[in-house]
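Reader: Please set out the structure, and then take me through its ligand and metal sites.

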Amino acid sequence: MVLCSIGLISGLSYFELSRTTEDNASIRIDRAARAAVAILCFGTDRFFEPEFDDTDNPVSLRMTAIDGSPLVKNAKLEQLVDAIGRTNQGAANLFAWAPQTASFDRFVTTFKPPDGSPPAAFSIREGHPAYTSLAAGQPFIGEVPLMGRFRLAYLTPILTENGKVAGALAVDVGWVDDLSTAETRLKTRIASAAIVILMGVILMGGIFLRFELRPLRRLARTADELAAGTQPREIPFTDRQDEIGDLAHGLERVTDLQDKLQKLAYTDPVTTAGNRARYFSDLNKALKRAKDGTFRASLIHLDFNGFAKINDTFGQQVGNRVLLQAYARLAKIFGPSAQIARISADDFCILLPFDAQGAIAEDYAIQAIELLSVPFHMEEGEIRVEPSIGIALLPQDAHDAETAHRVAGLALRAAKESKSARHIFFSAPLNERVQTDMLLETLLRTALKTGQLELHYQPQICPADDRLVGLEALIRWPNEKRGHIPPAEFIPIAEKTGLILELGQYVLERACKQAAEWQQAGFEFGQVSVNVSPLQFRQPSFAATVRQMLAAHRLPAQMLCLELTENVFVDTGEQMVLDILSELQQIGVQLSLDDFGSGYSSLIYLHRLPFQELKIDRAFLAGADRDPQKEQLFQAIVGLGRSLGLRVIAEGAETPGEYALTAAHGCDGMQGFFCSPAVAAQDVRECIDAFRKSRPARSATMEKKRA
Ligand code: C2E
Ligand code: MG
Ligand code: MG
């Protein structure tokens with residue numbers, strides 16, 4: 001704006017000055033003409049009569065002398081022309097019209113050439129700018145050529161009394177280029193002055209703006225820092241009382257807000273530990289520093305086995321309080337140098353700096369397991385958690401956050417699966433095992449999709465009379481490259497990956513279909529037992545699925561038995577197990593507690609759970625016929641089941657002795673290789689017939705033994 005104003009004013013001045021110069025020149029020449037006419041008229045006793053236009057400028061001079069007397073040089077005229085020249089400070093000339101040469105010939109002049117020489121003869125002829133006007137008896141005002149230059153002249157025609165052209169009076173006010181030189185010089189000065197002023201203003205303005213904008217630039221830099229997520233050390237200019245101060249205060253408020261938001265964004269609301277975002281940010285930073293070769297750390301991944309059960313049993317509020325207290329214990333053990341974050345439900349990740357060998361991590365892991373195993377005293381009662389820990393060393397085990405998290409997670413999973421170790425370091429063999437599992441998972445996925453899996457059935461025989469009381473459906477996976485892959489190898493992977501849901505659905509479907517076919521064919525098989533994994537059991541839709549399967553195949557509910565292991569209690573609260581079981585009971589299916597005695601034995605709940613069948617784990621029968629103490633144990637478990645009114649099935653009778661034991665202690669059924677392994681559906685009858693046929697021989701052997 002300032003620059004524009006200066007430019008405009010300079011332009012206007014320049015224009016105004018040019019106009020004034022032009023006006024001055026024309027005023028001067030007009031005045032010169034008037035003065036010349038006046039001097040000539042009065043000096044010759046009004047021999048000349050002037051005529052003026054509206055603005056009093058002379059148009060012509062009429063001679064009042066005898067008509068036709070020529071204009072000739074005389075002393076009087078020379079004197080007057082001299083006076084005119086002096087008055088006007090220019091040149092004055094008198095011309096006489098020469099009809100024979102059709103020219104105005106100068107006969108008196110005050111003009112002196114610049115070199116001081118006497119003026120040469122001069123005539124105005126055709127082609128001279130003034131000629132046409134003068135010949136027509138009109139005045140001429142303008143530039144006339146002289147000696148290769150131009151003079152600003154006023155030429156007034158002199159007429160005879162009867163109006164014929166007799167000559168001309170010419171006055172000038174100097175060389176035109178002299179006049180314009182002054183004008184040009186003035187213009188140049190104005191332009192230079194304007195440029196100097198402009199430069200000055202630009203310079204001053206620049207300095208002023210630079211000085212004035214400096215705080216703004218600093219505040220803008222601070223705002224940039226804020227936008228980039230870095231917390232500025234301090235906001236400058238907050239002490240100023242002007243707009244800059246206001247702006248600084250605004251930024252201060254934004255910083256506070258960002259600080260709060262950042263805290264919220266990186267804090268776990270339940271425990272106040274860091275959250276997942278904080279964890280990955282810290283992990284990334286640690287690995288970046290580790291890349292420089294100066295930093296080492298260990299990553300501890302901790303979680304509690306069966307924590308979901310606490311939520312199921314006591315509710316999420318209580319679960320959250322346990323997590324809060326667990327975090328307090330962790331913070332106490334690991335101290336302020338460790339970065340602790342809760343990344344999901346019961347997963348804590350701890351980054352321990354400067355731990356090259358993992359020795360510190362191991363010490364801490366042991367302490368953490370010890371301290372966290374101490375029960376939490378809550379209003380609702382004493383709550384115990386069972387921590388497991390996986391440890392990865394950085395940067396040995398991983399160079400990026402994702403891998404670091406994955407390998408620590410693998411170590412944690414290994415610790416959870418391990419029966420003896422509560423904390424495990426990530427290692428190459430562990431990684432290999434995981435790779436193998438991953439390969440198996442891929443193969444299993446394909447097997448499920450391409451229908452490679454088959455269902456076989458293992459008979460359950462009543463040892464007293466060889467009656468078929470049930471058939472357990474067992475999954476089989478014949479694999480081209482690896483032969484038969486045993487369920488013990490792929491079921492755990494299916495459970496880990498969730499594939500067990502698809503697999504379970506397939507087994508349930510096929511078993512119901514097969515049972516319905518047998519029933520329609522009049523084959524008395526008692527019941528078909530299907531193994532249900534804990535994950536499948538916990539699905540909210542499980543009972544509905546069972547109901548739907550039975551309906552779809554028109555299979556009476558009591559012909560289907562669902563086998564559950566004690567593992568269902570590990571991750572699911574007692575009440576939830578009870579609720580699901582009673583829903584299944586309402587459907588009318590049989591419920592069997594599989595592998596009883598092999599794991600987490602909830603004897604205390606046994607009488608409250610609506611099971612109809614107890615399957616004693618093979619471990620109790622194996623060799624019991626040769627070990628009286630073991631036999632007693634087996635007998636006691638059979639007795640326990642019977643006293644609770646349950647149907648008791650003994651698993652894994654392999655030898656005649658084990659088989660005899662199941663009969664001797666009154667098991668309702670026995671399932672084992674002694675009778676038959678699991679066979680394809682079409683081979684079941686043949687198997688049972690063969691076993692029945694062998695009864696006399698078996699009885700004879702037993703008689704012999706008894707004798
Ligand atoms: P389980 O439910 O306890 O099944 C009985 C296992 O004992 C079967 O092993 C069976 O072949 C084996 N067995 C039967 N009689 C004898 C014997 O006399 N001696 C020995 N040593 N073993 C005997 P299998 O088929 O390898 O299955 C192992 C486990 O895999 C099953 O244990 C069950 O927990 C799981 N499983 C098998 N099929 C399925 C299924 O369709 N779904 C689910 N969720 N799990 C399944
Ligand atoms: Mg079973
Ligand atoms: Mg079993």
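Author: Strands (E, at least two residues) and helices (H or I, at least four) are DSSP runs numbered from the N terminus. This is a predicted model, in which local features need pLDDT of at least 70, side-chain atom pairs count only at pLDDT 80 or more, and totals for chains, interfaces and linings use all residues. Residues are numbered from 1 along each chain as its sequence is written, chains are lettered from A and ligands numbered from 1 in the order written, and side-chain values use heavy atoms, without hydrogens and water.

Reader: Which element gives the most to the shell around ligand 1?

Author: β17 (467–479), α12 (487–497), α13 (499–520) and β21 each supply at least two residues of the shell. The most, 4 residues, come from β17.

Reader: How much of the 790 Å² that ligand 1 exposes alone does the protein bury?

Author: Polar contacts are pairs of N or O atoms within 3.5 Å. Nitrogen atoms of ligand 1 lie 3.0 Å from a side-chain N or O atom of Gln 458 and 2.6 Å from a polar side-chain atom of Glu 654. Of the area that ligand 1 exposes alone (Shrake-Rupley method, 1.4 Å probe), the protein buries 80%.

Reader: Which residues coordinate the magnesium ion (ligand 2)?

Author: Donors are N, O and S atoms within 2.8 Å of the metal (3.2 Å for Na, K and Ca), and sites may look incomplete because water is not among the atoms. Along the chain, the donors of ligand 2 follow the spacing E-x58-N-x31-E-x30-D. At 2.0 to 2.2 Å, the coordinating residues are Glu 472 (OE), Asn 531 (OD1), Glu 563 (OE) and Asp 594 (OD).

Reader: Is Asp 594 buried or exposed?

Author: Buried means under 20% relative accessible area, exposed over 50%, and partly exposed in between (1.4 Å probe, protein chains only). Asn 531 counts as partly exposed because its relative accessibility is 30%, whereas Glu 651, at 12%, is buried. With 5% relative accessibility, Asp 594 counts as buried.

Terms used: Polar contact = N/O pair within 3.5 Å; in protein donor to acceptor, adjacent residues only side chain to side chain.
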